[in-house]
Amino acid sequence: MSAKPKIAFYEFTSCEGCQLTVVDSLQLYPELLEAVDIVRFREAMSEMGDDYAIAFIEGSCSRPSDEAPIKAIREKAALVVALGACAHLGGINTIRNRHDLGEVRRFVYGDKAEWYDTYPARPISAVIKVDAAIPGCPIDRHEFVRTVKRLLQGRAPELPDHPLCVECKLKENVCLYLRGTTCLGPIVRAGCDAICPTYGDSCEGCRGLVPNPNIEHLKEVLTEHGLSVDQTLAKMTQFLTYQVMEMEAAGHGDPQPAH
Ligand code: SF4
Ligand code: SF4
Ligand code: SF4
């Protein structure tokens, strides 16, 4: 019997792009395959083992029938890792959380809307205890490998707590604010090497908010630069709806953009 840690991958509401990035990571770092025994990973193999120590869960919990299998994974796995923005934050699936779900279902499924059960999408940590998260849409392959290494060493993975702007400055990028473009960098968790601003695109927040984001100061800086606060806060609906609604529920400001 193999003494290597057994790993399984599961998917809930997602595009499975994060699992594809795992395949990419394993091609870049094939030595990782020597250290673990993957027992379930439908993007790459047909076997479906259910004996594992580490479970990676991709996707958000978006319907009542997701809850039992998510809890079953927690009961089996010593460690559960949320893989990607959908699992970590609820991600893009939470865009619908501010809308009437009946209308959303009819828009997507037409006259078959009643076939599909749904409720507001949530991150996996809203259903079970999660031991670690790998942020991003999709995940960063190097961060995936670093996280697996730390878990195998018995160390807790760490996420940076500082904002993306720090990484952006280290890359010596000209701030998009100076080019008349909004960006969520001041309130978003670093760790992606500021890849979007580096290539001229604004940050949409796929790695989630920093702890205690200063939304009021963000609004001040935007105003100083003559940029639209509403347009910037609207970007927060792409990946951050669940986090923002949690902040609102806790009474920490009202960052919801005007409609
Ligand atoms: S985080 Fe992005 S890439 Fe990953 S499963 Fe969700 S939508 Fe797909
Ligand atoms: S471009 Fe975005 S991430 Fe970079 S410094 Fe400006 S606000 Fe921050
Ligand atoms: S710059 Fe922002 S949107 Fe782009 S990968 Fe990083 S956190 Fe995600």
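Y52 sits in the loop between strand 2 (37-40) and strand 3. That's a handy way into this predicted model, whose protein chain comes to 11 helices and 5 strands.

**Y52 and its surroundings**
- Y52 counts as buried because 23 other C-beta atoms lie within 10 Å, and the cut-off for buried is 20 or more.
- Leaving aside residues up to four places away in sequence, Y52 touches K6, I7, A8, V39, R40, K76 and A77.

**Overall shape**
- Is the radius of gyration what you'd expect, or what else is it? For 259 residues a compact globule would come out near 18 Å, and the protein chain has 19 Å, which agrees.
- Along the principal axes, the C-alpha atoms fill a box of roughly 65 × 50 × 30 Å.
- Buried residues account for 40% of the 259 residues in the protein chain.
- Take the contacts between residues at least 6 apart in sequence: 73% of them join residues at least 24 apart.

**Helix 6**
- Helix 6 covers residues 141-152, so to speak a 12-residue run, and it reaches 17 Å from its first C-alpha to its last, close to the 16 Å expected at 1.5 Å a residue.
- Its buried residues are E143, F144, T147, V148 and L151.
- Seen down the axis of helix 6, the buried residues fall within an arc of 135 degrees, so they line one face of the helix.
- As for partners, the buried residues of helix 6 pack against helix 1, helix 2 (32-35), strand 3 (54-58), strand 4 (79-83) and strand 5 (132-134).
- After helix 6 comes G154, with a positive phi near 80 degrees.

**Around ligand 1**
- There are 13 residues around ligand 1, and S14, G17, G84, C86 and C137 come nearest.
- Helix 1 (17-28) and helix 4 (85-89) are the elements that give two or more residues to this shell.
- Sorted by class, the shell around ligand 1 has 7 nonpolar, 4 polar and 2 charged residues.

**Backbone details to check in your viewer**
- The peptide bond from C137 to P138 is cis, with omega near -5 degrees, and P138 is in the loop between strand 5 and helix 6.
- C137 is also among the residues that come nearest to ligand 1.
- E16 isn't a glycine, yet its phi is positive, near 70 degrees.
- E16 belongs to the loop between strand 1 (6-11) and helix 1, and it is partly exposed, with 17 other C-beta atoms within 10 Å.
- N212 is another non-glycine with a positive phi, about 50 degrees.
- N212 lies in the loop between helix 8 (195-198) and helix 9 (215-224), and it counts as exposed because it has 10 C-beta neighbours inside 10 Å.

Definitions and conventions: Residues are numbered from 1 along each chain as its sequence is written. Chains are lettered from A and ligands numbered from 1 in the order in which they are written. This is a predicted model: local features need pLDDT of at least 70, side-chain atom pairs count only at pLDDT 80 or more; totals for chains, interfaces and linings use all residues. A residue is near a molecule or strand if its C-beta atom, placed from the backbone, lies within 6 Å of it. Helices (H or I, at least four residues) and strands (E, at least two) are DSSP runs, numbered from the N terminus. Ala, Val, Leu, Ile, Met, Phe, Trp, Tyr, Cys and Pro count as nonpolar, Asp, Glu, Lys and Arg as charged, and the others, Gly among them, as polar. The radius of gyration is taken over C-alpha atoms; the globule rule is 2.2 Å times the number of residues to the power 0.38. A residue is buried if 20 or more other C-beta atoms lie within 10 Å of its own, exposed if 12 or fewer, and partly exposed in between; C-beta atoms are placed from the backbone. Two residues are in contact if their C-beta atoms, placed from the backbone, lie within 7 Å. The expected span of a helix is 1.5 Å times one less than its number of residues. The arc is that of the directions from the helix axis to the C-beta atoms.
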